[in-house]
Amino acid sequence: MNTTSSLPTDLSEGQRLLKEASQLLEQGDRAGAAQVLLRARSENDALLQAHELIETHGLVGSFSNIMGLECRISPQDDIFGFFRGHPSSRNPLRDYFADGWRTLSELMLLLEAVDKPLLRTASVLEFASGHGRFTRHLVKALGAERVTISDIVIDAVDFSKQTFGVQGFASASVPEQVRWPKQYELVFVLSLFSHLPRSTWTRWLQVLRDAVAPGGLLVFSTHGVKAADFDSVMLDEDGFFFAPSSESNAIDANEYGTAFTSERFVLERIAETWGSDALRHRSLVHFWNHQDAYVLQRL
C-alpha cells in the first residue's frame, strides 16, 4: 500500500516522513516505520519526534536498546537543545547521551579519590538536575530507589519522576526557601555554581549543607580559570565574574546566567560556610575538561 500519496504536499521533509512513519505503525509495519523514522531523525524539525517514536515503540535504531537505559528526551530539555544547536555536534542525540555517561564516569573518579564509591552510596540527591541528561545514567548505576532529583523548573521535575521513576521535589529561586525532604549521603550539584550571580552564590553553598547527612558529601562544579581564559573573561579582584546569559530558556538570566570563579574565591567561600576542614578533595578542570570540581564532607 502506498502511504505517501495521501500525504499533504506542503509539509517539510521531516514532517512528511513523520506522517508516513505514523501510518506504517498504524498498519503494523514496524520495520518500514523504523526505516522512515531513521531518515526523519536526520531532519532538524523532526529529530526529537522521530526519536520519541523509535524509543516508545522499541524500533530498530533505539538508543535504549543500545545503551540499556531510558532514552526518551523532553522537548523542553534545554541541554539537548544546546547540543542540537551547537555547530560542533554532528549527532546531537549521540552527543547528549555520551555527555551524560561521561559525567557519570567523572563523578565516579571523584568519589573513588575520597574512598566513597558511588555504587556503595545509599542515597543521592541530584540538585539542579534539569530534564535528566545525567539522571538516566545515575538510575542505571544505582536504581531509581536510591536517587532523588530537584530542579527549579517544575516540568523538569515532573518529567524525571515520570520517566525515570525517581523521587523529586521543586527547588526555589531563593535558597533559604528550599525544603529538603531528608538528608542524603551524596548531594551532586553539577554546573549550578557556574551559573549563579554573586548575590546567591555563597547562600546556595551554605543552604546545601543542610541537605547533606552527617559524614556525607557535597560534590559541585564551577567555571574556573581555564574556562575564564577560554572565554576571554576577566575576573574581578575577588576572583568572580557573572554575565546574565545561559543556555536556559526557562530561568531568569539574572538568577541563572554564566559565572566564573577563581580557585581562591571558591576556597574562601567554603571556609566561610562549611569550614576549611570540610574540603576533602578538589580536581581542577575535571568535568568535561572544562569545569573544576570540589568535594566537601559534612563533619
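Analyst: Contact here means heavy atoms within 4.5 Å. With that cut-off, among contacts in the protein chain between residues at least 6 apart in sequence, 61% join residues at least 24 apart. The model is a predicted one.

The whole chain comes before the part. Eleven helices and nine strands make up its list of helices and strands. Taken along the principal axes, the C-alpha atoms fill a box of roughly 70 × 40 × 30 Å. A compact globule of 299 residues would have a radius of gyration near 19 Å, and the value of 21 Å for the protein chain therefore agrees with that. Of these 299 residues, 51% count as buried.

Helix α2 covers residues 30–40 and helix α3 covers residues 47–57. Their axes lie 9 Å apart, and the two helices pack at an angle of about 150°. Angles over 145 degrees count as roughly antiparallel, so α2 and α3 are roughly antiparallel to each other. The crossing in which α2 passes α3 is left-handed.

On the α2 side, the contact is made by Arg30, Leu37, Leu38 and Ala40. Helix α3 contributes Leu47, Ala50, Leu53, Ile54 and His57. Sorted by class, the residues in this contact of α2 with α3 are seven nonpolar, one polar and one charged. The charged class includes Arg, and Arg30 of α2 takes part in the contact.

How values were computed: Residues are numbered from 1 along each chain as its sequence is written. This is a predicted model: local features need pLDDT of at least 70, side-chain atom pairs count only at pLDDT 80 or more; totals for chains, interfaces and linings use all residues. Side-chain values use heavy atoms; hydrogens and water are left out. Axes are lines fitted to C-alpha atoms, for helices over the stretch in contact, and angles run from 0 to 180 degrees between N-to-C directions. Helices (H or I, at least four residues) and strands (E, at least two) are DSSP runs, numbered from the N terminus. Angles under 35 degrees count as roughly parallel, over 145 as roughly antiparallel, 65 to 115 as roughly perpendicular and the rest as oblique. A crossing is left-handed if the near helix is turned anticlockwise from the far one by less than a right angle, and right-handed if clockwise. The radius of gyration is taken over C-alpha atoms; the globule rule is 2.2 Å times the number of residues to the power 0.38. Buried means under 20% relative accessible area, exposed over 50%, partly exposed in between (1.4 Å probe, protein chains only).
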